[in-house]
Amino acid sequence: MTPEELDQIAETEREAQSHFTQRVNVCVAAGCLSCQSQAVKDGLDQEVDRRGTKDQCQVKGVGCMGLCSEGPLVSTSAGVLYKKVEAADSAAILDSLDGTPVSRLVCPTDVPFFQRQKKIVLENSGVIDPDRVEDYIAANGYTALIKALTEMTSREVIDHITKSGLRGRGGAGYPTGLKWSTVSKSVGTQKYVICNADEGDPGAFMDRSVLESDPHRVLEGMLIAAYAVGASEGYIYVRAEYPLAIKRLKNAIRQAERVGLLGANICGTRFSFRVDLRLGAGAFVCGEETALIASVEGKRGTPRPRPPYPAMEGLFGQPTLINNVETFANIAPIIRNGGEWYAQIGTEKSKGTKVFALAGRVENTGLVEVPMGVSLREMVFDIGGGIPEGRKFKAVQTGGPSGGCLPSDCLDMPVDYESLARAGSIMGSGGMIVMDESSCMVDVAKYFMDFCMTESCGKCIPCRVGTYQMHRILTAIGNMTATAQDMKMLEELCDLLKHTSLCGLGQSAPNPVVSTLRSFAEEYRAHVEEHKCPAGVCGAQPVGETA
Amino acid sequence: MRQAAPVKTLKIDGRDLSGRQEETILDVARQNGIFIPRLCEMDGLSDVGACRLCLVEIKGQNKLLPACVTVVEEGMEVTTDSERLQGYRRMILELLFTERNHVCSVCVSNGHCEMQMLAQRLGITHVHFPYRYPKEEVDASHDRFVIDHNRCILCTRCVRVCDEIEGAHTWDIMGRGIDAKVITDLNEPWGSSETCTSCGKCIHVCPTGALFEKGRSVAEMLKRRQFLPYLTMMREENE
């Protein structure tokens with residue numbers, strides 16, 4: 001593959017696409033597929049066949065368009081977005097392409113949910129066909145890789161990433177440029193690049209959507225990273241619960257190999273890179289980098305103490321770069337447009353955009369990408385469309401089981417790494433669960449503690465036994481049988497786990513409890529002293545029921 | 001050019017000490033008679049940093065670090081026995097006592113148990129977390145040895161000694177979190193294990209009464225730990 005050949009593929013594809021005067025895009029990512037979008041696409045295909053307009057009208061399966069709660073979603077070349085489409089609507093939609101839209105299906109796009117978004121990571125989601133590398137290339141795909149390989153030294157690539165201010169999107173927010181630079185300077189006979197796609201937070205589906213909608217973007221990010229740090233082998237560690245993402249990734253890897261963008265001597269340079277998939281067997285802790293490495297090595301997925309950090313001693317003892325899916329998805333646009341361009345977006349310390357999975361009690365659930373620094377209020381009430389059924393907002397949970405619950409007085413806080421940490425939560429990978437007055441915060445804390453207890457690997461004592469004891473106390477509070485002594489114990493355990501656990505899972509397991517104890521102490525008190533659940537969740541309903 | 005001597009000087013509990021650059025805080029502390037509690041660490045086996053009892057405070061560091069895997073650095077100031085550390089250690093040990101059925105009075109290792117000794121040393125007189133009282137199995141299918149899961153603390157010394165020293169890798173862990181347990185082969189009865197060489201090393205590295213020889217009654221199981229450093233030393237000399 002030479003730059004000219006890449007141009008040629010892009011040119012041919014654009015030429016082929018320009019023949020179509022009408023386009024209908026159907027979302028075939030997991031969210032819409034689960035509401036029968038494949039039937040919608042088949043229906044449209046058949047209808048186009050029947051009309052004999054195959055040469056003018058293109059029906060394309062594309063990735064996630066964001067508003068998952070209204071799926072299946074269909075967008076047309078007339079600029080109209082349709083929601084909750086059924087196969088039976090095919091004829092009506094095709095009729096409308098040159099005329100007036102089908103009003104009963106129209107999904108308005110002039111609302112904050114669409115207007116407030118800024119798409120960098122998701123720029124191709126819902127636009128290109130994730131199963132065709134040609135479509136990605138026609139959308140400027142792999143030009144960043146060619147630019148890096150032919151015009152830039154590895155040092156310059158790292159400089160751009162550093163200048164961009166990009167921070168790890170997996171949760172902790174470690175500066176990506178610094179990580180790359182460390183791996184690049186580490187000495188080893190072989191270096192590795194690993195993409196962490198073991199997204200396991202309850203309610204989070206950002207990485208899944210990116211992999212399902214635009215898998216080549218992640219590969220391109222990994223290739224650029226490999227060139228920058230001097231790696232020649234890579235792994236994508238993706239959880240086996242994402243069969244569609246795995247299928248599309250496998251397909252993308254095969255295509256990239258076929259056109260010569262993966263393999264030996266890419267672009268006629270000395271740079272070679274191979275990528276392999278490794279499937280996670282369902283352990284949340286394998287998202288922790290040292291546990292992930294152990295799992296890739298074929299060992300039991302348990303973390304080990306750091307240092308040494310993977311950047312020095314990682315996979316098979318060699319320097320290893322581990323980044324999250326979304327981090328890699330940011331790389332190509334940064335190289336294409338320069339680090340300075342990216343650094344203009346976002347806040348002073350948190351640059352760029354962040355993809356969030358909005359879930360829970362909001363009108364618009366789905367995937368959104370917003371610039372860093374928007375307020376929680378904008379997220380919940382403008383983009384999210386507020387709380388359904390006129391109920392009252394209670395809290396928003398960010399960061400999954402490692403994060404915390406933020407009450408209404410945090411609503412005007414900007415969403416960035418520092419502000420969230422100050423408020424007792426974390427950015428995490430981008431899950432955002434909105435809760436209304438019908439949720440009991442004790443029950444929420446219990447749910448997350450149950451998650452941490454089952455997902456603890458059992459290696460270190462504080463996490464293994466501590467999460468069990470904390471879960472026992474939270475269950476007792478929910479059953480109205482807890483005592484003041486239990487509450488004291490709960491706080492002791494929060495402190496113990498935070499400071500003595502071996503890895504991030506145990507260290508952050510108390511966060512949901514600590515944050516709800518701080519903001520909703522009154523609810524705990526009501527359970528313990530008055531044996532009442534203000535939200536009416538605990539006691540009245542079967543134990544284990546969660547918001 | 002002369003190479004700089006790879007020796008670091010540091011302070012542990014206010015004492016000026018020195019250690020080679022690859023040595024850990026625990027190594028240096030041990031050489032100088034400074035006691036740091038631990039249950040998973042054992043001289044001669046690889047370190048896993050799992051029991052969290054050897055956590056120490058290091059000046060200028062937010063995080064507590066495990067002494068068994070943290071290598072010494074020039075100018076380090078280590079505190080091994082602050083009130084805060086003692087509190088955490090007591091809680092961790094208490095959690096261990098609640099996890100399974102550690103009933104000293106009927107245990108083969110009573111009086112010779114590392115966990116029991118640590119508890120005494122740390123002044124634990126009672127456990128303030130509620131006990132779990134799980135139903136755990138005892139596997140006595142082996143001709144000479146017994147594993148009593150009621151006493152196991154999952155330190156993985158048996159797993160490591162079997163893999164690293166004996167080379168059999170009969171022991172391993174199955175399950176996650178509170179359900180984790182040590183197993184022989186693929187969770188088969190120990191007696192029908194095809195990989196076990198019956199060497200007995202696991203028995204003697206086990207810090208509690210979880211692994212013991214048949215025929216021992218209460219308080220009769222004395223463990224001989226000295227073989228391990230000796231074995232390692234002899235092997236290194238032969239290389």
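Helices (H or I, at least four residues) and strands (E, at least two) are taken here as DSSP runs, numbered from the N terminus. With that in hand, chain B has six helices and ten strands, while the secondary structure of chain A comes to 23 helices and 13 strands.

Before going further, please keep in mind that this is a predicted model, in which local features need pLDDT of at least 70, side-chain atom pairs count only at pLDDT 80 or more, and totals for chains, interfaces and linings use all residues. Residues are numbered from 1 along each chain as its sequence is written, and chains are lettered from A and ligands numbered from 1 in the order in which they are written.

## The two chains overall

Here is how the chains look side by side. A residue counts as buried if 20 or more other C-beta atoms lie within 10 Å of its own, as exposed if 12 or fewer do, and as partly exposed in between, with C-beta atoms placed from the backbone. Two residues are in contact if their C-beta atoms, again placed from the backbone, lie within 7 Å.

For the 547 residues of chain A, a compact globule would have a value near 24 Å, and chain A agrees with 24 Å. For the 239 residues of chain B, the rule gives a value near 18 Å, and the 19 Å of chain B agrees as well.

## Domains of chain A

An automatic or database domain assignment supplies the domain bounds. It divides chain A into domain 1 (20–109), domain 2 (140–343), domain 3 (353–436) and domain 4 (441–529). The C-alpha centres of domain 2 of chain A and domain 4 of chain A lie 34 Å apart. Their contact takes nine residues from domain 2 of chain A and eight residues from domain 4 of chain A.

For residue classes, Ala, Val, Leu, Ile, Met, Phe, Trp, Tyr, Cys and Pro count as nonpolar, Asp, Glu, Lys and Arg as charged, and the others, Gly among them, as polar. On that basis, the side of domain 2 of chain A that touches domain 4 of chain A has seven nonpolar, one polar and one charged residues.

## Where the chains meet

The contact between the chains takes 23 residues from chain A and 22 residues from chain B. On the side of chain A that touches chain B, α18 (441–455), α19 (461–478) and α20 (484–500) of chain A each supply at least two residues. Helix α19(A) gives the most, with seven residues. By class, this side of chain A has twelve nonpolar, seven polar and four charged residues.

Two strands pair if DSSP finds at least two bridges between them. Four strands of chain A form an open sheet with mixed pairing, in the order β2-β1-β3-β4. Strands β2 (57–62) and β4 (81–82) of chain A stand at the edges with a single partner strand each, so one side of each is left without a neighbour in the sheet. Strand β3 (residues 74–76) of chain A runs antiparallel to β4(A), joined by two bridges, and A:Ser75 stands opposite A:Leu81 in β4(A).

Helix α12 (residues 243–258) of chain A has 16 residues and reaches 23 Å from its first C-alpha to its last, close to the expected 22 Å, where the expected span is 1.5 Å times one less than the number of residues. Its buried residues include A:Ile246, A:Arg248, A:Leu249 and A:Gln255. Among the elements that cover the buried residues of α12(A) are α11 (215–229), β6 (233–239) and β7 (274–280) of chain A. Just after α12(A), A:Gly260 takes a positive phi of about 85°.

Helix α1 (residues 3–18) of chain A holds A:Glu15, which is exposed, with 10 other C-beta atoms within 10 Å. A:Glu15 and A:Ala138 are 123 residues apart in sequence and 9.7 Å apart in space, C-alpha to C-alpha.

## Strand pairing in chain B

Strands β1 (residues 7–12) and β2 (residues 15–20) of chain B pair in the antiparallel sense over six bridges, with B:Asp16 in β2(B) as the bridge partner of B:Lys11. The two strands form a hairpin with two residues between them, and B:Asp13 in the turn has a positive phi of about 50°. Strand β1(B) also runs parallel to β5 (residues 77–79) of chain B, joined by two bridges; here B:Ile12 has B:Val78 as its bridge partner.

Note on methods: Rg over C-alpha atoms; globule rule 2.2 N^0.38 Å.
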